[in-house]
Amino acid sequence: DGTPEYFKELAEKHQNITLVLNETNRRVAGGRNDGIKAAKGRYLAFFDNDSTVGPKWDEIMLEIFLHNPSVGFVGRLGTTFFDFNQPGMRLMSPVNDPIQVDVVSGGATMIRREVFHEVGLLDEWGMGEFWHEDSELCLRASLAGWHSYTVKFPWEHKYHGTYKDEKGKAWFDKFQSNLDYIKKKINKNNTITVYRDYHGDD
């Protein structure tokens, strides 16, 4: 669809852009791991290709990191689990003041580089094609003492697709399969219930 050519032209015009083109689809975790390896900054930002950000998004996120050295993740959407021993969760609506959560959505997030140095990259081997690679990383990092926060900043997400057709059902099955994998890898004898809010800003 002309995407590689577009980014090649963009990289030629801007010297601060490092372009990584994969010959095969590395999926979310694999592609982002390639970007992590190529990046040089202390704070790495990730956005899904169906989202856009507005002015000062980076300043808002960076301020949280600068005021708390234990913050590893800052995201636009986040989830807090009531109790790891009981099914349940609470979706934290982003507000102007940062709120600590258990996991943030990788669709709009910034991560401190030291997190990857300490706990490793995104899990691209056990997580399947996509979904929950961000949750797994947040939970794995929390065991090492890193915290996640959600905060409101200018961001828009283009909603698309449906879970009612056969393709949507197949996607949901992968969603649940990855969640089951996290339970075994991170939580073992506990229960995690995750709800991903892609249907409203607040």
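**View 1. Strands E3 and E9, side by side.** Strand E3 (residues 71-75) and E9 run parallel, joined by four bridges. Look for Val71, which stands opposite His147 in E9. This is a predicted model, where local features need pLDDT of at least 70 and side-chain atom pairs count only at pLDDT 80 or more, while totals for chains, interfaces and linings use all residues. Residues are numbered from 1 along each chain as its sequence is written, and side-chain values use heavy atoms, with hydrogens and water left out.

**View 2. E6 against E9.** Here E6 and strand E9 (residues 147-150) pair in the antiparallel sense, over three bridges. Gln100 has Tyr149 in E9 as its bridge partner, and Ile99 has Thr150. Strands count as paired if DSSP finds at least two bridges between them; the strands themselves are DSSP runs (E, at least two residues), numbered from the N terminus.

**View 3. The whole sheet.** Five strands make up an open sheet, ordered E1-E8-E3-E9-E6, with mixed pairing. At the edges sit strand E1 (43-47) and strand E6 (99-101), each pairing on one side only. From one strand to the next, the twist averages 25° (axes are lines fitted to C-alpha atoms, and angles run from 0 to 180 degrees between N-to-C directions).

**View 4. Stretches to treat with care.** Mean pLDDT (the predictor's confidence in each residue, from 0 to 100) is 80 for the protein, and 75% of its residues reach 70 or more. Over residues 82-89, pLDDT stays under 50, and the model has 20 contacts there beyond four places in sequence; contact means heavy atoms within 4.5 Å. Residues 189-202 also stay under 50, with 46 such contacts.
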